[in-house]
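Student: I am new to this structure and would like to learn how to read it. Could you take me through it step by step?

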Amino acid sequence: GYPSAKEWLDFLDGTEIESTVLYPTAGLTFGVIQDPTWAVALARAYNNWFTDRYYRVSPRLQGVALIPMQDVPEAVKELRRAINELGMVGAVLTANNGELGIRQPFGHSDFWPVYEEAERLNVPLAIHGAPSFNIGINFFTRFAQTQALEHPIAQIIQLTSMVMEGVFERFPRLRVACLEAGAGWVPYIMDRLDRSYETWAGAKYKEFSTWLKKKPSEYIKSGQLYFSCEGGEESLTYAIDRIGHRNLFFASDFPHDTNRERAKHEIEELMERKDLSDE
């Protein structure tokens, strides 16, 4: 089962972490739900359950809300309720929805009311993968292969959609985090999107949104987008050169692949790297 609030607080004390933001596990498949009515009810139930089980025990245990993007007006209402009434700190959007429940990528204008509300509330949205089906790797039979690719592929798809559809131009105060995919893919996708942009920028018919006013890489390093890195990424210094260090953060992923000892080791691994500045 899920760790209790006490187990979480023991972990924080043992790793000298002040507070944490907890993400759902099974809830990362939330976007696959096809019935909007069920999605609305389940989002409310999860957010209430989380608040009762963790945040009301200790404000050191903060939460991100599930919001039903299957029903955008209800997603706006639930985001507002989660922040204003439950004390949550943002919302999580599921990166791969299998083309089943949330059928559009997150750059689609259908979702813009949610981004407008996130700006108004001044809270971030976090995009997080997990489901692996329908992203071209259904034939894998060993989880190590799936685990390596499911997060970055899903993140690349959603980031491409949001940037090229002009979300970060239209909503200049929106903050979005791309989680659990590392940071090494980010410079690569900056180059790919810039190349595509420049190919079509001078054409009569643009193959990107009219909201896009500058190169995609400029939005990615603007400070609106954040990426979680891993301590052992050898490409991290190059990623920092391209997007800056203020847009990167480390996450332990406790309790999935990590116990307290391993989390402490990973933090020390990151802090002791000679190729990274203290800043």
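Tutor: Gladly. Let's begin with a term: a residue is buried under 20% relative accessible area, exposed over 50%, and partly exposed in between, using a 1.4 Å probe and protein chains only. Trp-112 has 13% relative accessibility, so Trp-112 counts as buried. Please keep in mind that this is a predicted model, where local features need pLDDT of at least 70, side-chain atom pairs count only at pLDDT 80 or more, and totals for chains, interfaces and linings use all residues. Residues are numbered from 1 along each chain as its sequence is written, and side-chain values use heavy atoms, with hydrogens and water left out.

Student: How do I read an aromatic pair, and how many aromatic pairs are found in the whole structure?

Tutor: Rings of Phe, Tyr and Trp (its six-membered ring) pair if their centres lie within 6.5 Å; planes under 30 degrees apart count as stacked, over 60 as edge-to-face and the rest as tilted. Searching the whole structure gives 15 aromatic pairs. Take Trp-112 and Phe-171: their ring centres are 5.6 Å apart and their planes stand at 90°, so this pair is edge-to-face. Trp-112 belongs to helix α4 (residues 112-121) and Phe-171 to the loop between α6 (167-170) and β5 (176-179), so the pair ties together parts 59 residues apart in sequence. Phe-171 has 1% relative accessibility, so Phe-171 counts as buried too.

Student: What does the pair of Trp-185 and Phe-227 look like?

Tutor: Trp-185 and Phe-227 are edge-to-face, with 5.7 Å from centre to centre and 85° between the planes. This pair links distant parts of the chain, 42 residues apart, with Trp-185 in helix α7 and Phe-227 in strand β6. Both Trp-185 and Phe-227 are buried. Elsewhere, one aromatic cluster is formed by Tyr-2, Tyr-46, Trp-49, Phe-50 and Tyr-54.

Student: Which residues of α9 are buried, and what covers them?

Tutor: Helix α9 (residues 236-243) has Leu-236, Ala-239 and Ile-243 buried. Seen down the axis, the buried residues fall within an arc of 55° (taken from the directions from the helix axis to the C-beta atoms), so they line one face of α9. Contact means heavy atoms within 4.5 Å. The cover over these buried residues includes α7 (185-201), α8 (216-220), β6 (225-229), β7 (248-250) and α10 (260-271). After α9 comes Gly-244, with a positive phi near 85°.

Student: Where is Phe-111 found, and is Phe-111 buried or exposed?

Tutor: Phe-111 is in the loop between β3 (90-94) and α4. Its relative accessibility is 4%, so Phe-111 counts as buried. Not counting residues up to four places away in sequence, Phe-111 touches Met-69, Val-72, Ile-102, Gln-104, Pro-105 and Phe-106.

Conventions
Helix = DSSP H or I, 4+ residues; strand = E, 2+ residues; numbered from the N terminus.
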